[in-house]
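Trainee: Please take one part of this model and go through it closely. Then show me how the rest connects to it.

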2 protein chains.
Amino acid sequence: MSYMRDLGRQARQAARVVAAAGSREKDAALAAIAATLDAQREGLAAANARDLAAGRDNGLDAAQLDRLALTPARIDAMIEGLRQVLALADPVGEITGLSYRPSGIQVGRMRVPLGVIGIIYESRPNVTVDAASLCLKSGNACILRGGSESFHSNGAIAACIQRGLAAAGLPAAAVQVVATPDRAAVGELIAMPEFVDVVVPRGGKSLIERISAEARVPVIKHLDGVCHVYVDDRADLDKAFAIALNAKTHRYGVCNAMETLLVAEPVAAALLPRLAAAYADAGVELRGCERTRALVAECRPASEDDWYAEYLAPILAVRVVPGLDAAIDHIGRYGSAHTDAIVTEDYSRARRFLREVDSSSVMVNASTRFADGFEYGLGAEIGISTDKLHARGPVGLEGLTSQKFVVLGDGQVRG
Amino acid sequence: MSYMRDLGRQARQAARVVAAAGSREKDAALAAIAATLDAQREGLAAANARDLAAGRDNGLDAAQLDRLALTPARIDAMIEGLRQVLALADPVGEITGLSYRPSGIQVGRMRVPLGVIGIIYESRPNVTVDAASLCLKSGNACILRGGSESFHSNGAIAACIQRGLAAAGLPAAAVQVVATPDRAAVGELIAMPEFVDVVVPRGGKSLIERISAEARVPVIKHLDGVCHVYVDDRADLDKAFAIALNAKTHRYGVCNAMETLLVAEPVAAALLPRLAAAYADAGVELRGCERTRALVAECRPASEDDWYAEYLAPILAVRVVPGLDAAIDHIGRYGSAHTDAIVTEDYSRARRFLREVDSSSVMVNASTRFADGFEYGLGAEIGISTDKLHARGPVGLEGLTSQKFVVLGDGQVRG
C-alpha cells in the first residue's frame, strides 16, 4: 500500500525536525492542541455520534459503545492529560555521566528520541491524544492507527492535533493518524523498518500476539498480567487484608489486578476465612487449593489452569504455600512477570523478594494496583511493558527515548 | 533438535540461580576460570592445534587461520580480560531514583539481569571467554555458539569455564557452549523465546542479517559502521589532520574506522592536499567528489555507492560540503548511525552536531576509533549496537541488564 509508505516517509522526515525541536516549541504545540480540542467540542461530539451510530448498527455491545463514547468528561480528561504531559520535564538531550577517561576524552550519554513510533490501538479515541502528546514531548514522530469503530472520532481529534502542530510551527507529519479503515494498514505499519523504529500495540491479547509474531520492527508490548500477592507468615495481617482486598476488587478488568493470592501456611487460618467473607461481599468467586478449601467452605477447587489464568474478572485463585521459597517458585513458574507483591514485616524476606522475583514491578506492602505511570510519577504512560529489554513496567516519556554516547575531545587520537 | 531445547531449559533454570548470586560468588568463578585457563595452557594449545590442522585441510586462508589461533599471548589476553571484568562493579541489584510518591509508596528502579543470552560468533575462540565473563558478571546465563572452525578450542575453553563455575558453586548450565557442529543449532537457538531472552550475533554482515531476519527473540546487533569525520571551516586544522589520519589509518578492518571524510569548502584547499599526501604515504586510496578531485590530482571519482560504502579497507570517500547543514544531511542520508565526529572550535556548531546527528556515538574533536567499550570505561564489550532500542553503541555489563520497578510501601492501597 503506497499510502502507508508515504506516511512512513513523511514521518521519517518529520522525526528529524521534532528531535531537534526545543522544549518551548513542543510545549506550545501541546498547549495549542489542548486549546483546539476545547474549542472544537461540538465537532468532536458530532464525529463521535457518527461512530456511535455506526457501532450500534454493527452490533457493538454496551461496554464497547461505552469505550467508544467521547463524553464531555472524557474530552476534559484528554485536555487535562495534555496539560500534564506539558508540565513534565523534557527528557531529550539530557546528558548524564560525562566524565574524563585516561585518554583525555570525556564520555557521557545523551538521551535521544527513538525516531518514528507506530501505535496500534483499539476503540478508545482518547488514546489518540495521549499517544500523540507523549511521542511529541519525547521528540518522536508517530503514526497512529486506531480502531475502525472510532474512525470519525480519531479523524476529528487528528484535525485538532494538526492545528496545534501548525500553530507551533512543527511539521504536520509529526503526528499522523491513519486515515483508512483498511485493515491491511496495520500489516504495512509493522513491516517498514526503514520508516518505523518501534511499534506499540495496545489492546487485547490476540491483537498483541499477532503483531508480535508479524512485526519486522521492535515491539514494546504488554501481554499478560497474572499478578500475585504473597502474604508471608510475618505479615501484618491488617495490611495483608487491605492489600489483598484492594488488589483484587479495586478494578477487575485491569492488568495490574491481583489474579492469584498466595498465603503462608502459618497465617492461612487467621487470614483466609476473614478475607473470604470480604470477597463474598464483593461478589468475588474463589478457586483454591485443598488447604484453602479446608478453611473456606464455599471455595471451588482450582485446577492447574487457574494458576496461569488472567481472569480480568471477579474471580481469584488462592493457594496456601509453605513459605517464601514456595511463593517465589510459584510466581516464577505461573506468573507473567508483570507485578507481584509480598506482604511482610520481615526485612530479610522483603529484601529477597525484591531481588529474586523477576517481574516488571516488585512490591513490598503495597497493592499491585499501584503499577501505573501516574502512580509512579512518570506523568502518563504509553502502556505497561512485560518485555525484558529496553523498558519494563509502565512506559512513559523515558521509555520512548534511548541514550547515545557523546564524546568530547580536544584533538585526541588513538595510539 | 531436542539437544538445543535441553540447553535452553537448563539455562533458564540456571539463570535464576545466577541472577540471585552474590558478587563474591560471581567474582570467585571468574577468578577460578582465569586460574584454570592458566593451568591448562597445554590442553588449550593441543585443542587449538586440531582446529588449525582442520582449518588448513579445509582451505582457510591466512587471515582466517590467524583469527583462529590461540597463541600464548591470546591466552594471556583472555586471562587479563577475565581479571578486568572481575574488577568491574557488579551492576545487579543497584537501586536508583527511589523516592516517595504522594500516595506514600516509594518507587525506584532496580537493575536486573536479562535472563538467558544467546551469543553466536565466528571463528575467534577468545570470544567464548569474553562473552561468558560479561554474562556471568551481569547475572545472566548464556548459551554460546562459536564457529565450527574453532570447535575443539571452544570445547577446551568450555571445560575450563565449567571448572571455574564448579569451584564457585555456581550451576554448570550458567555457561553452556553448544557442543555440536550442526548448523541447525543456530536456527534453534534464535527461535526459543521461552528459554532465550536475547540473542547477540557477532560476525560478518550476512550472519547478522540472517539472524535478524529469522530470530523470534530480540536481537542486539551491529550492522554497518559507515563512520564520518566532518571537518568544519572553524576547525583547528592540525587537530583535523591528526583525527582524519588516525580515524582512517589506525586500523582498517574495524567498524569504528572512518569511511567518509567530509570537509567544509572554505578549508578544503588548506587541508585536503596535505591530508592526501599523508594518505598516499599510508597506501590509502581516495575516492572523491569533483571539488575534492580539483584539489587532489590522484583522487579517483566517487560514485553514489561510495557514500554508502563500509570499505573496511585502505579506501576513503571524500566529499567537500558547503558547511555544517550539508554535513549533517549527508550523515543522516548515507550513514549507518554508528559513530560520527565533527572537528570544530565553534561552540554552537559542536552543540548542534551532538544533538542533531542521530548515531550511537557522536564526537567532537576526537577520532572515531575511540568508540569502544574499553575506551569508554565500560571495561569490556559484548559488541557495539547500532539498534535504537535498549542499548546503543558499545554494549558492556549494563547493556546486558535492564531495570525493573521496586515499590516499598507500608500497607498502601489505591483509593
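Mentor: Start with the kink of about 40° at Leu271(B) in helix 11 of chain B, shortly before the proline Pro273(B). The bend at a residue is the angle between axes fitted to the seven residues ending there and the seven starting there. Helices (H or I, at least four residues) and strands (E, at least two) are DSSP runs, numbered from the N terminus.

This is a predicted model: local features need pLDDT of at least 70, side-chain atom pairs count only at pLDDT 80 or more, and totals for chains, interfaces and linings use all residues. Residues are numbered from 1 along each chain as its sequence is written, while chains are lettered from A and ligands numbered from 1 in the order in which they are written.

Check the length of the helix next. Helix 11 of chain B covers residues 265-282, which is 18 residues. At 1.5 Å a residue they should span 26 Å, and the end C-alpha atoms are 25 Å apart, which agrees. The expected span is 1.5 Å times one less than the number of residues.

Now the packing. Ala268(B), Leu271(B), Leu272(B), Leu275(B), Ala276(B) and Tyr279(B) are buried in helix 11 of chain B. A residue is buried if 20 or more other C-beta atoms lie within 10 Å of its own, exposed if 12 or fewer, and partly exposed in between; the C-beta atoms are placed from the backbone. Just after the helix, Gly283(B) takes a positive phi of about 80°.

Chain A has its own helix 11. It bends by about 40° at Leu271(A), and the proline Pro273(A) follows within four residues. Its buried residues are Ala268(A), Leu271(A), Leu272(A), Leu275(A), Ala276(A) and Tyr279(A). Gly283(A) follows the helix, with a positive phi near 80°.

How are the two chains related? Chain A can be laid on chain B with an RMSD of 0.0 Å by a turn of 180° and a shift of 0.0 Å along the axis. That is the relation of a two-fold axis. Of the residues of chain A, His390(A) comes closest to the rotation axis, at 2.0 Å (C-alpha). The same surface serves both copies: 100% of the contact residues of chain A recur in chain B.

The contact takes 58 residues from chain A and 58 residues from chain B. Two residues are in contact if their C-beta atoms, placed from the backbone, lie within 7 Å. Among the elements of chain A that give two or more residues to its side are helix 1 (2-20), helix 10 (237-249) and strand 16 (401-412). Strand 16 of chain A gives the largest share, 11 residues. By class, the side of chain A has 24 nonpolar, 19 polar and 15 charged residues. Ala, Val, Leu, Ile, Met, Phe, Trp, Tyr, Cys and Pro count as nonpolar, Asp, Glu, Lys and Arg as charged, and the others, Gly among them, as polar.

Strands cross the contact as well. Strand 13 of chain A and strand 16 of chain B pair in the parallel sense over 5 bridges. Two strands pair if DSSP finds at least two bridges between them. Ala366(A) stands opposite Gln412(B) in strand 16 of chain B.

Which strands make up the open sheet? There are 10, in the order 1(A)-2(A)-16(A)-13(B)-12(B)-7(B)-8(B)-11(B)-9(B)-10(B), and the pairing is mixed. The edge strands are strand 1 (95-100) of chain A and strand 10 (300-301) of chain B, and each pairs on one side only. Within chain A, 8 bridges join strand 2 to strand 16, and the two run antiparallel. Val107(A) stands opposite Val407(A) in strand 16 of chain A.

Now back to the start.

Definitions and conventions
Copies are superposed by least squares on the C-alpha atoms of residues with pLDDT of at least 70 in both.
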